[in-house]
Amino acid sequence: MTVRGFSFSAPFFKPDVPFMKSLGSTRRSFTPWLDADAKPYISFQNVTKKFGDFVAVDNLTLNIYEREFYSLLGPSGCGKTTLLRMLAGFEEPSSGEIFLDGVSLKGVPPHKRPVNMMFQSYALFPHMSVRDNIAFGLKQAGIAKAQITERVDAILKLVKLEEFAKRKPDQLSGGQRQRVALARSVVLRPKLLLLDEPLGALDKKLREETQFELMDLQQDLGLTFMIVTHDQEEAMTMSDRIAVMDKGTVIQTGTPAEIYEAPNSRYVADFIGTVNTFEGKVVEKTDKMTTLLGNDGFTIEAVTTDRSALTKDKMAWFSIRPEKIKVSRKKPEKQTNAVEGEIWDIGYLGDMTLFNVKLDSGTIMRASVLNAKRTVDDPIGYEDRVWLSFDPDAGIVLER
Amino acid sequence: MGSFFKRITIGLPYFWLCILFLLPFLIVLRVAFSEPVLAMPPFAPQFDLSEGWQGFVQSVSQFTTYNFQFVFEDSLYTNAYLSSLRIALISTLLTLAIGFPLAYGMARSPMTIRPILLMLVILPFWTSFLIRVYAWIGILKPEGLMNQFLMSVGIISTPLRIYNTEIAVYIGIVYSYLPFMVLPIYATLEKMDYSFVEAARDLGCSSIGAFWKITARLALPGVLAGCFLVFIPAIGEFVIPELLGGSQTLMIGKTLWSEFFNNRDWPVASTVAIILLAILVVPIVLFQNAQARATEANR
């Protein structure tokens with residue numbers, strides 16, 4: 001089931017979206033959540049957590065499968081950390097129940113749960129050496145001394161910190177501390193590893209390297225990872241599935257590609273990456289195609305991804321990502337999915353160029369163009385009139 | 001120019017320490033090696049500077065170590081020292097036993113009420129120390145508030161004899177020095193990241209285990225600071241044993257007082273003070289080492 005490396009055919013078709021084609025490459029062919037018989041490993045059932053009047057987690061139901069790399073993604077205060085802390089046992093749900101491997105966690109204190117957590121601050125004991133920090137949990141478990149040494153040595157080697165065993169946490173760099181924290185939480189071989197913003201304190205380059213290290217580690221050890229992050233790029237890179245949260249509830253659960261290409265709401269579309277959103281009225285709807293008359297004065301034809309809620313004459317959102325928009329000086333042949341505007345801003349990022357185009361309606365639309373070649377014959381400049389166009393499969397119609 | 005000001009800023013505290021600490025100490029040391037006489041001041045030799053260097057040498061040659069012999073040989077002083085050490089040690093442990101939970105409770109209380117709690121700890125300092133110790137007489141004496149209350153409730157039938165005993169001294173020291181214990185412990189606990197405790201719990205520690213292995217261990221610098229801040233002044237304490245301890249309580253502060261003011265034997269009194277200082281140097285050096293290590297660790 002856990003094939004190392006990458007697989008390039010996503011083997012899923014969302015049951016309620018029969019028309020949808022495959023959504024790009026995924027990390028591995030691992031989709032237990034599509035298997036109706038698969039038993040969830042962690043199951044939140046109608047969990048609510050209140051702090052006084054504040055509802056941190058609101059009647060949430062969630063299933064996570066064994067060996068999954070699962071991300072909780074959301075802005076701060078959305079309840080994702082509370083969810084993690086309830087799993088670790090630092091908070092008890094106000095109502096509802098959490099099951100781990102079929103066993104209720106109700107009333108089980110943190111030290112009796114087969115769950116370990118990597119803290120956002122790492123929480124490395126400042127008075128202990130790296131070795132003692134890592135050995136702490138093993139000592140608590142009453143494991144024989146020789147075996148502790150063996151296991152600590154093995155994990156130190158895994159995280160490449162053999163030479164730093166005798167150092168105290170304050171004598172380490174941020175990246176080294178992060179690895180000690182990781183080693184300390186995996187050395188007990190927990191059934192489930194919780195990671196609270198594990199890469200939050202690292203600089204960008206180190207973060208990118210560490211993302212892949214974490215993914216490899218998870219597969220090598222065959223653990224279930226549940227990670228909390230507000231960094232969507234981080235979640236996209238590492239996760240098998242992502243739950244996008246807001247105000248204590250899960251808005252959407254899905255693979256990174258599903259979340260990015262088939263968001264179920266404007267909130268999710270806005271939260272992940274950049275998106276252009278237009279308002280429009282549904283003028284025609286078939287099983288295959290939905291036609292909107294946009295408020296910005298152009299007709300949008302989009303592939304139907306939803307069969308029920310949106311009907312004719314209703315107002316809807318149309319969301320499209322910048323990289324799916326073509327920029328040209330020439331007027332496209334098709335009348336629909338095309339709109340004219342003036343170049344308002346240009347951002348050159350190296351790998352791509354961003355164009356902010358001011359439509360005649362006044363709306364700013366963003367398009368990004370991949371710089372596939374080093375040179376451009378006829379570069380588009382400020383105040384140039386351009387046409388923006390896109391395929392019917394490029395954007396998505398969302399309920400208002 | 002800059003170096004001149006630099007020297008002044010560094011030099012001022014030294015100058016201050018010399019004038020207010022070193023000089024008085026030297027005078028006390030010199031008195032300790034003198035003989036008592038019926039005169040004003042009541043010790044000899046005096047430095048007669050009119051005879052110049054010769055006179056100085058003459059005076060120094062008259063210095064005697066007799067006072068030290070006397071203090072070491074007379075069991076009264078030895079007992080007073082030992083009794084002081086014992087009372088200070090027990091009081092320190094009692095203060096720690098009360099102060100730690102207090103500091104812990106303060107550090108774990110909601111951020112909004114912490115300043116109020118901190119205020120309450122410091123509040124007693126706003127009243128004179130002497131008056132506060134006096135107030136304890138009213139509480140502890142046989143017909144005092146405490147006995148009246150306990151008898152009216154029916155817990156006891158005859159008044160407890162606490163006033164004029166060592167117990168009253170413990171109560172007085174614990175009460176008076178509690179802030180000195182609470183504040184440094186609170187400071188370390190408040191700084192402590194609570195996620196350390198959660199991490200320990202997560203790694204298999206029970207809540208009691210996590211308390212000892214993490215909280216208590218990380219609070220150790222504060223605990224040490226608090227203990228020394230209570231222990232050092234408690235050894236030489238005079239007011240509390242004088243007012244609450246009665247005649248049976250033997251403490252070196254009281255001995256010192258009676259040598260100076262009742263016997264007017266300044267040389268012996270100075271000797272007692274010098275020996276007390278020598279005893280105190282040990283914990284003070286230990287304290288400073290602990291402090292240095294704590295700052296080192298926090299760096």
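How far apart do the C-alpha centres of domain 1 of chain A and domain 2 of chain A lie? They lie 34 Å apart. Keep in mind that this is a predicted model.

**Two domains in chain A**

Domain 1 of chain A is made of two stretches, 32-114 and 190-266. Domain 2 of chain A covers 274-399. The two domains do touch: four residues of domain 1 are in contact with six residues of domain 2. On the domain 1 side, the touching residues are two nonpolar, one polar and one charged.

**A sheet with a helix on it**

Chain A also holds an open sheet of four strands. Their order is β2-β1-β4-β5, and the pairing is antiparallel. Strands β2 and β5 of chain A are the edges, each pairing on one side only. Two bridges join β4(A) to β5(A). In β5(A), A:S104 stands opposite A:F99. Helix α1 of chain A packs on this sheet and touches β1, β2 and β4 of chain A. The directions of α1(A) and β1(A) make an angle of about 115°.

| Element of chain A | Residues |
|---|---|
| Strand β1 | residues 42-51 |
| Strand β2 | residues 54-64 |
| Strand β4 | residues 95-100 |
| Strand β5 | residues 103-104 |

**Chain B**

Chain B has 14 helices and two strands. Its radius of gyration is 24 Å, well over the 19 Å that the globule rule gives for 299 residues, so chain B is more spread out than a compact globule. Its C-alpha trace spans about 80 × 70 × 35 Å along the principal axes. Of the 299 residues of chain B, 32% count as buried. Among contacts in chain B with a separation of 6 or more, 70% link residues 24 or more positions apart.

Terms used:
Residues are numbered from 1 along each chain as its sequence is written. Chains are lettered from A and ligands numbered from 1 in the order in which they are written. This is a predicted model: local features need pLDDT of at least 70, side-chain atom pairs count only at pLDDT 80 or more; totals for chains, interfaces and linings use all residues. Domain bounds come from an automatic or database domain assignment. Two residues are in contact if their C-beta atoms, placed from the backbone, lie within 7 Å. Ala, Val, Leu, Ile, Met, Phe, Trp, Tyr, Cys and Pro count as nonpolar, Asp, Glu, Lys and Arg as charged, and the others, Gly among them, as polar. The radius of gyration is taken over C-alpha atoms; the globule rule is 2.2 Å times the number of residues to the power 0.38. A residue is buried if 20 or more other C-beta atoms lie within 10 Å of its own, exposed if 12 or fewer, and partly exposed in between; C-beta atoms are placed from the backbone. Two strands pair if DSSP finds at least two bridges between them. Axes are lines fitted to C-alpha atoms, for helices over the stretch in contact, and angles run from 0 to 180 degrees between N-to-C directions.
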